[in-house]
Amino acid sequence: MQNYTEKVNSFKEAMSNYPTGVNVVTTVDENDEPIGLTVNSFASVSLDPLLVLWSIDNAVSTFDKFMETDQFAVNILASNQTDIASTFAGSEEDRFSKCEWRLSEQDLPIISDVMASLQCKVFKKVEAGDHVVLIGEVFNIDVQDKAPLLYHKRKLTGFPQSFHEE
Ligand SMILES: Cc1cc2nc3c(=O)[nH]c(=O)nc-3n(C[C@H](O)[C@H](O)[C@H](O)COP(=O)(O)O)c2cc1C
């Protein structure tokens, strides 16, 4: 029987070897200031209605603001947006000054040149251990024909262009 530490280590090893896309989830706070963080917990959930999910760590500095908001945008990063992923995962205070972005008609920060952006209304919040799962109902989607950024074994890497073109 594995002890807790052994299980945590095996869990981290298995999950780090599981490749994902990379997103920046954004919203605005009560002063209309943009906030956002890099996320790889994003997944699709349902087609009818259109639902997606992501999970936020209780320890993230903007946690309370994401608990208060009733909407968020998922910006799915393109293969050449490694710098944006690092900025929104780092200690930089003014993350939005490091990239181009705009506010959507619905007041959500949309980062320029992403592979796709999904604007969502909060559908449900589910407490799950040291995270909260935010489920969103998608009300607007913009998709570009771009290769995605990937996260694998703790490294950000562009999706091979040759695969994207096939
Ligand atoms: C590739 C990658 C994926 C991440 N995924 C998540 C995630 O799904 N949920 C989360 O809460 N934090 C995630 N993080 C960590 C946050 O981006 C990071 O803790 C946050 O930006 C720190 O913000 P703070 O300094 O405002 O607390 C991820 C980081 C990286 C590099």
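## Salt bridges, sheet and aromatic pairs in a predicted model

Asp29 and Lys65 are joined by a salt bridge in which the closest N and O atoms are 3.4 Å apart. The structure described here is a predicted model. Asp29 belongs to the loop between S2 and S3, whereas Lys65 sits in helix H2 (residues 63–68), so this contact ties together parts that are 36 residues apart in sequence. The two partners can also be described by their accessibility. Asp29 is buried, at a relative accessible area of 11%, while Lys65, at 29%, counts as partly exposed.

The structure holds 2 salt bridges, and the other contact of this kind involves Glu92 and Lys98, whose side chains meet at 3.2 Å, N to O. Glu92 is partly exposed, with 34% relative accessible area. Lys98 likewise counts as partly exposed, at 48% relative accessibility. Side chains of opposite charge can pair when their charged atoms come close.

### The sheet

An open sheet is formed by 7 strands, in the order S3-S2-S6-S9-S10-S5-S4, with antiparallel pairing. Strands of a sheet pair through backbone hydrogen bonds, either parallel or antiparallel.

Within this arrangement, strand S2 (residues 23–28) is joined to S6 by 4 bridges, and the two run antiparallel. Asn23 stands opposite Ile76 in S6.

### Aromatic pairs

The structure holds 4 aromatic pairs. One of them consists of Trp54 and Phe72, in an edge-to-face arrangement with 5.9 Å centre to centre and 75 degrees between the planes. This pair links distant parts of the chain, as Trp54 lies in strand S5 (residues 51–57) and Phe72 in strand S6 (residues 71–76), 18 residues apart. Both strands belong to the sheet order given above. Trp54 counts as buried, at 0% relative accessibility, and Phe72 is buried with a relative accessible area of 0%.

Phe88 and Phe96 provide another of the pairs: their ring centres are 5.0 Å apart and their planes stand at 85 degrees, so the pair is edge-to-face. Phe88 counts as buried at 1% relative accessibility, and Phe96 is buried at 7%. A further grouping is the aromatic cluster formed by Trp54, Phe66 and Phe72. The two pairs described here are set out below.

| Aromatic pair | Centre to centre | Angle between planes |
|---|---|---|
| Trp54 and Phe72 | 5.9 Å | 75 degrees |
| Phe88 and Phe96 | 5.0 Å | 85 degrees |

### Cysteines

The structure holds 0 disulfides. Cys99 is in no disulfide, and the nearest cysteine sulfur, that of Cys120, is 18 Å away. Viewed from Cys120, the closest cysteine sulfur is in Cys99, and the 18 Å between them is too far for a bond, because a disulfide requires the sulfur atoms to be within 2.5 Å. Cys99 counts as buried at 13% relative accessibility, and Cys120 is buried with a relative accessible area of 0%.

How values were computed:
Residues numbered from 1 in each chain as written. Predicted model: local features only at pLDDT ≥ 70, side-chain atom pairs only at ≥ 80, totals over all residues. Heavy atoms only, no water. Phe/Tyr/Trp six-rings, centres within 6.5 Å; stacked < 30°, edge-to-face > 60°. Buried < 20%, exposed > 50% of the residue type's maximum accessible area, 1.4 Å probe, protein only. Pairing = 2+ DSSP bridges. Salt bridge = Lys/Arg side-chain N within 4 Å of Asp/Glu carboxyl O.
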